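Hello,

Here is the structure I promised to pass on to you. Please have a look at it first, and then read my notes below.

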Amino acid sequence: MAAPAQLGGTTTYLATHGISMEPEFRTGDLAVVRPARDYQVGDVVAYRSELMQTAVMHRIVAVENGYYTFKGDNNSWLDPEQPTRSDLIGALTVRIPEGGAWLSRAASPPVLGLLAFALLASGGAAATTRRRRKRRRAAVSRHISTRPAQQQVLDGLPSSLRISAALGAVLALMGVALGVLAWFGPAEEPSTSQVKSGIRMDFSYTAAVGQSPAYDGTTAHSPDPVFRKLTNTVDVHFAYHGDPGTLTVRADLSTPGGWHSSVPLTGPATFTANHYEGTVRLDLTTLEAKAQAASAVTGLPAGPLTIALTPQVTSATGTEFQPELKLNLTPLQLALTGTPDTLTVTDATTTQQATMVPRTIAWTGVGISAATARVVSAVLLLAALAIGVMIVIFARRNAPADEAAAIRRRYASLLVRVHPMPAPQGRPLIDVTTFPTLAKLAERYGLLVLHWNRSGVETFIVQDENITYRYRAGSDPVPADRTPALADLQP
């Protein structure tokens with residue numbers, strides 16, 4: 001699963017550069033992408049760009065007729081190319097901050113040259129050692145026992161503990177890997193979000209019309225028209241929701257001929273709360289007379305007259321909000337221009353707000369926060385440590401009862417069980433005092449340790465070209481001034 005695509009695997013490793021995906025990605029990060037069954041809008045996906053002749057990793061913003069539209073998180077434009085499914089490399093699974101920079105350093109010519117020299121040097125030494133061991137083992141192959149290999153090789157742990165040891169190793173590897181990803185970067189990272197201002201102005205109007213067949217009651221309410229034969233006075237109410245500041249109200253008059261004028265209705269009013277309500281009265285006769293006077297001078301028609309009631313709010317930070325309530329005035333009525341929805345005006349502007357959000361570690365579409373990953377990695381490592389402690393305690397309780405069993409368990413890879421064999425005539429025999437000394441001699445000359453059991457005594461020997469080295473488990477060493485007898489090695 002982790003093999004690179006260049007070696008036949010399904011995983012692709014990309015070192016990022018540029019600012020198109022900031023703040024999530026920065027130059028020098030390492031992105032791990034893998035093919036997915038389906039690519040959805042919002043996924044971060046790498047694709048092959050024919051225009052740029054490289055791999056591009058951006059976010060999918062649209063999918064239509066098998067063509068994918070991409071955009072960088074930090075870009076204000078869409079990618080000029082629309083790749084198909086065959087051009088997609090894979091979806092993002094893991095992001096490693098600055099991992100690409102470390103990978104570039106590891107792949108630098110000095111480091112690669114040093115590794116190549118080390119491999120060549122170790123390869124030559126290994127070839128020499130293999131040839132030497134081959135010659136040594138040929139001399140003792142006829143003495144090897146015919147017992148099955150499973151019985152010859154004794155692992156360092158009993159079979160009952162091998163599964164536990166494997167589980168502990170897996171938990172430790174998972175804990176280390178998750179800990180590296182979690183502690184490699186910060187627990188939180190900066191992020192920007194679009195925040196609407198939330199400023200709103202609600203308009204309404206009423207007029208006292210008396211008792212008449214035109215209305216059900218004595219008051220006309222918005223959004224109904226106000227008939228001028230019944231009244232020429234209208235009260236306009238407004239309710240502001242937003243930041244505190246200063247508010248003034250004016251009426252902007254205009255006619256289709258191009259004439260316009262502004263009439264102040266209220267002076268500046270300062271408020272400190274996030275809510276302010278007010279009422280202004282419109283004298284329709286006075287406003288119409290102003291338009292008639294202008295028409296007499298210009299010769300342009302005086303109607304119909306458009307009245308745009310505009311409360312202007314200036315907040316303490318200097319931002320301005322100027323909603324409009326447009327009314328149409330004719331000789332017969334005052335009516336709302338547009339639908340009743342125009343009685344509510346909302347500021348549609350948005351601002352970029354910087355916040356700190358938890359950093360996410362994603363893998364195959366599943367993500368957890370860095371803080372949670374730190375806790376999980378600690379739990380995994382503690383579980384692996386607990387398994388290791390249990391294995392140590394169990395191994396000590398079940399330690400071999402004699403020295404020979406302990407040697408067979410610890411040095412299983414170095415031992416070869418053979419039938420009891422005589423010592424060649426004329427070959428010196430040297431008894432060593434400890435088995436580790438015999439093991440060092442075997443490793444030094446590239447030999448295996450031959451051993452057998454005779455009359456309850458375990459014998460271990462190493463045969464060099466001219467000398468035989470021997471160690472007997474539980475037996476006293478032969479004095480140095482005594483010449484070893486042939487019977488010491490005969491069955």
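Is Tyr-471 buried or exposed? Tyr-471 is buried, with a relative accessible area of 7%; buried stands for under 20%, exposed for over 50% and partly exposed for what lies in between, with a 1.4 Å probe and protein chains only.

Before the rest, a word on the source. This is a predicted model, in which local features need pLDDT of at least 70 and side-chain atom pairs count only at pLDDT 80 or more, while totals for chains, interfaces and linings use all residues. Residues are numbered from 1 along each chain as its sequence is written, and side-chain values use heavy atoms, with hydrogens and water left out.

Now the aromatic rings. The structure holds 9 aromatic pairs (centres within 6.5 Å; planes under 30 degrees apart are stacked, over 60 edge-to-face, the rest tilted; for Trp the six-membered ring is used). In one of them, Tyr-240 and Phe-321 have ring centres 6.4 Å apart and planes at 40°, so this pair is tilted. Tyr-240 belongs to strand β11 (residues 233–241) and Phe-321 to strand β16 (residues 320–321), so the pair ties together parts 81 residues apart in sequence. Both of these residues, Tyr-240 and Phe-321, are buried. Tyr-471 pairs with Phe-435 edge-to-face, at 6.2 Å between centres and 70° between planes. That pair links helix α8 (residues 435–445), which holds Phe-435, to strand β27, which holds Tyr-471, 36 residues apart. Phe-435 is buried too, with a relative accessible area of 2%. Helices (H or I, at least four residues) and strands (E, at least two) are DSSP runs, numbered from the N terminus.

Strand β27 also belongs to an open sheet of 5 strands, in the order β23-β25-β26-β27-β24 with mixed pairing (two strands pair if DSSP finds at least two bridges between them). Its edge strands, β23 (415–417) and β24 (429–431), each pair on one side only. Strands β26 (residues 457–463) and β27 (residues 468–473) are antiparallel partners over 6 bridges, and Ile-461 stands opposite Arg-470 in β27.

Two charged side chains sit over rings (CZ of Arg or NZ of Lys within 6 Å of the ring centre and within 35 degrees of the ring normal). Arg-374 has its charged end over the ring of Trp-183, 4.0 Å from the centre, and Arg-95 lies over the face of Phe-25, at 5.7 Å from the ring centre.

Best wishes
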